[in-house]
Amino acid sequence: MTLVRPADPATIAAAAQALRSGRLVAFPTETVYGLGGDARSPVAVAAIYATKKRPSRNPLIVHVPDLSAAAILARITPLAERLAAAFWPGPLTLVLPLADDTPLAPQVTAGGATVALRAPAHPVARALLAACACPLAAPSANRSGSVSPTRAAHVAVDLALDPRMSPEGAPLAMILDGGPCQVGVESTVLDLSGPHPRLLRPGGVTVEALAAVLGETPGRAALFPARRPTTATARPDGTAPLPSPGLLRSHYAPDRPVRLNAESTAPDEALLGFAGTPGATLDLSPAGDLEEAARNLFAMLRALDRPPYTAIAVAPLPTTGLGATLNDRLARAAAPREAGDPPDMHD
Ligand code: TXA
Ligand code: MG
């Protein structure tokens, strides 16, 4: 059996069966591809962490079809209801307090008291959720610390798997191919578990769109500086899940160094342009459309992350709307690697 398969109804049914038996399935969402497993199954959740080489302190996003499915897992606040009505299904993840009798495996939340939930809009993700009838834990389907996959082929490359083979008994049963992701950057993560909404990760839903529904601009959590246990979510062994590992500085990084706001380039540098940058090796959106740029960002970073280039220079991008998300991802890609956060803290 091939590992990468077109996401037709029969294949989605087979994928749902694999998920119900505790195996993993990579699937497309409108943001990026996810590495999914039954969020109630400790075995499936452990396999996700192992396959991604992700540290177990970094909690996973759980995908649900809608708000009523979310309400089985977490305590839905009135604000969560309002935001879900405005943005679900879509690229908004809400961090909420766990329901008292939540069926989620504790490893999903890294032992913490909150869970990150989102209802994806992609038809394949929705069909898969309907067919497996279980909440799906699904982080981005990349190796921890690397650029998120926006094509099925990226998943196989990242996880170092042969796209033609699906080894019997391996945790990952298949990669559902739903074509290129339409949003192209990860979901916006908004923490609703405290007294005020806090933006943990800018993403596919813009801050401006959130502000229009919230009536105020959400507070932005500062970049996470170092390992710092939070008493609210500390575990008995004294370790703690990260407050939001998405805030880590070096993250979403290609292998080659990335340089921002480039006005000119060295001979061995690739230039990633925007809106017709002269001399660009690739242009995120020749027409200057930020949605097109978001769709292209990760695939173009991957495309430039190879010889003959030794570095990637990026032209200045707008800072509002989706531009804020693009600049966030690029700033993380450009962040110092060794001197910064330890590599085991990336997702
Ligand atoms: O668009 C997306 O969100 C994609 C697709 C597949 O849905 N998923 C994704 O998941 O990006 P992941 O695991 O790569 O990123 C989840 C982010 C991480 O920064 C994680 O630390 C944060 O959400 N997160 C998860 N659970 C959390 C929680 N309970 N509290 C705070 N942050 C949390
Ligand atoms: Mg990720």
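Leu 94 stands opposite Leu 117 in strand β6, where strands (E, at least two residues) and helices (H or I, at least four) are DSSP runs numbered from the N terminus. The structure is a predicted model, in which local features need pLDDT of at least 70 and side-chain atom pairs count only at pLDDT 80 or more, while totals for chains, interfaces and linings use all residues. Residues are numbered from 1 along each chain as its sequence is written, chains are lettered from A and ligands numbered from 1 in the order in which they are written, and side-chain values use heavy atoms, with hydrogens and water left out.

Strands β5 and β6 run antiparallel and are joined by 4 bridges; two strands pair if DSSP finds at least two bridges between them. Strand β6 (residues 114–118) is also joined to β4 (residues 61–63), by 3 bridges and in the parallel sense. Here His 63 has Arg 118 of β6 as its bridge partner. Of the 5 residues of β6, 4 are buried, that is, under 20% relative accessible area with a 1.4 Å probe and protein chains only.

These strands belong to an open sheet of 11 strands with mixed pairing, in the order β1-β8-β2-β3-β7-β4-β6-β5-β9-β10-β11. Its edge strands, β1 (4–6) and β11 (219–220), each pair on one side only. The partner of β11 is β10 (residues 198–201), with 2 bridges in the parallel sense; Leu 199 stands opposite Arg 220 in β11.

Helix α2 (residues 42–52) packs on the sheet and touches β2 (24–27), β3 (34–38) and β7 (136–137), a contact being heavy atoms within 4.5 Å. The direction of α2 makes about 155° with that of β3. Such angles run from 0 to 180 degrees between N-to-C directions, with axes fitted to C-alpha atoms, for helices over the stretch in contact. Helix α4 (residues 78–87) packs on the sheet as well, touching β5 (92–97) and β9 (188–191), and its direction makes about 160° with that of β5.

The average pLDDT of the protein is 89, and 86% of the residues score at least 70; pLDDT is the predictor's confidence in each residue, from 0 to 100. Over residues 224–238 the pLDDT is below 50, and this stretch has 30 contacts in the model beyond near neighbours in sequence. The pLDDT is also below 50 over residues 339–345, a stretch with 17 such contacts. Where pLDDT is low, the predicted coordinates should not be read in detail.

Terms used: Buried < 20%, exposed > 50% of the residue type's maximum accessible area, 1.4 Å probe, protein only.
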